[in-house]
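The points below are grouped by topic and may be read alongside the sequence and the model.

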Amino acid sequence: MKKSYAFAGIMILAAVLLVLPIGAQAEMYVEAYLGGTLATSSSQDINTFTVNNAGPFTRSFTHSIPGTFDPAVVGGLKVGTWFVKEGVLGFNYPDWMKYLGFYLDFSYHRLDMRRQATTSFVTTNDIGPGVSNGEWFSEGTAATLAFMFAFRYGFLPDSEVPFGRLQPYLAVGPAILFASQNPTFQTGPFTNGLFSRGYDAGSKSGAFIALAVDAGIRYMALKNVSIDVFFNYRYAQPSFSYTAVDNFVGFTPQSYTLSPTYHIFSGNVGAAYHF
């Protein structure tokens, strides 16, 4: 899905949530937030396959990648509601549903794999196996649209905020991760005498199913303004397929798949307007 379509879809969904309770006093909110994110990926082996155009020599490679990411700044937007009695479409929800809510969460940040040492194994049918130590790095991005189902509890109630000014909450839901990666290999001499200077296969992107979890505390500083401090976790298993030209011998085409397991953690602070 193209990024423009994804952005348009997000705006439409947000608009729907905004216009549904017109005329009611639903406890809806719009929130903008900033934070910092750290990501890890389980160690991965990237298997590649090459056929030498200069002759019938087949070569296969395995690159062992640690999968360490650079920290990044994350920015996002939430649009949501709590199911109070005056809620969406004016339904007379049971009183206990005021503890439950739903929100859309859209966030964006860089997802760059830092320069890190790799071990590459090559097997050929003409010379034999070899091993090389080299470097790997990748430039990437991550945009997440999460559909969050939330539970909250209220403390410190007063006449202005009867539910409670201090509201810890927990939310979980499915998400769509729009991610890209542009990896580059740089390898040194192999023990069997072969040499590869590395290659850049270009950027690939895709949309992948993910899991999102939030845990936070919201404080109602004013009747209609709150401060939100929360921790976010996302889990996804994307897969990117590449075809590159390896300047190994004969500059032959090579295809490979990058399939990391993302564990993305972020701490965030936001400000919301309630209406």
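Predicted model: local features only at pLDDT ≥ 70, side-chain atom pairs only at ≥ 80, totals over all residues.

In which strand is Gln181 found? Gln181 belongs to strand S8.

- Gln181 has a relative accessibility of 0%; because buried means under 20% relative accessible area, Gln181 counts as buried.
- The side chain of Gln181 makes a polar contact of 2.5 Å with the side chain of Ser138.
- Leaving aside residues up to four places away in sequence, Gln181 touches a set of residues including Phe69, Leu111, Glu139, Gly140 and Lys204.
- Phe240, Tyr242, Leu258 and Tyr262 are also among the residues that Gln181 touches.

**Nonpolar cores**

- The largest nonpolar core comprises 32 residues, and those with the most contacts inside it are Tyr103, Leu177, Phe240 and Tyr262.
- Two or more residues of this core come from each of strands S1 (27-41), S7, S8, S10 (204-220), S11 (225-236), S12 (240-246), S13 (252-258) and S14 (262-274).
- The element that gives the most to this core is S8, with 6 residues.
- Tyr262 touches Leu177 and Phe240, and its partners also include Thr40, Phe69, Leu111 and Ala179, with residues up to four places away in sequence not counted.
- Another core, of 5 residues, lies apart from the largest one; among its members are Phe83, Tyr93, Met97 and Phe102.

**Salt bridges**

- Side chains of opposite charge can pair when their charged atoms come close.
- The whole structure contains 9 salt bridges.
- One of them joins Glu31 and Arg218, whose closest N and O atoms are 2.9 Å apart.
- This pair links distant parts of the chain, since Glu31 lies in strand S1 and Arg218 in strand S10, 187 residues apart.
- Both Glu31 and Arg218 are buried.
- Arg218 also meets Asp228 through a side-chain salt bridge, at 3.4 Å from N to O.
- Here Arg218 of strand S10 is paired with Asp228 of strand S11, 10 residues apart.
- Arg218 has a relative accessible area of 2% and is therefore buried, and Asp228 is buried at 0% relative accessibility.
- Glu31, Arg218 and Asp228 belong, with Lys78 and Asp214, to a network of salt bridges.
- Arg165 and Asp158 form another salt bridge through their side chains, at 2.5 Å from N to O.

**Nonpolar surface patch**

- Phe151, Tyr153, Phe155 and Leu156 make a nonpolar surface patch of about 420 Å².

Methods. Residues numbered from 1 in each chain as written. Heavy atoms only, no water. Patch = residues over 30% accessible without salt bridge, like charges linked within 9 Å, V, L, I, M, F, W, Y side chains within 5 Å. Areas by Shrake-Rupley, 256 points an atom, 1.4 Å probe, with all protein chains shown as cover. Salt bridge = Lys/Arg side-chain N within 4 Å of Asp/Glu carboxyl O. Core = buried A, V, L, I, M, F, W, Y, C linked by side-chain atoms within 4.5 Å. Buried < 20%, exposed > 50% of the residue type's maximum accessible area, 1.4 Å probe, protein only. Helix = DSSP H or I, 4+ residues; strand = E, 2+ residues; numbered from the N terminus. Contact = heavy atoms within 4.5 Å. Polar contact = N/O pair within 3.5 Å; in protein donor to acceptor, adjacent residues only side chain to side chain.
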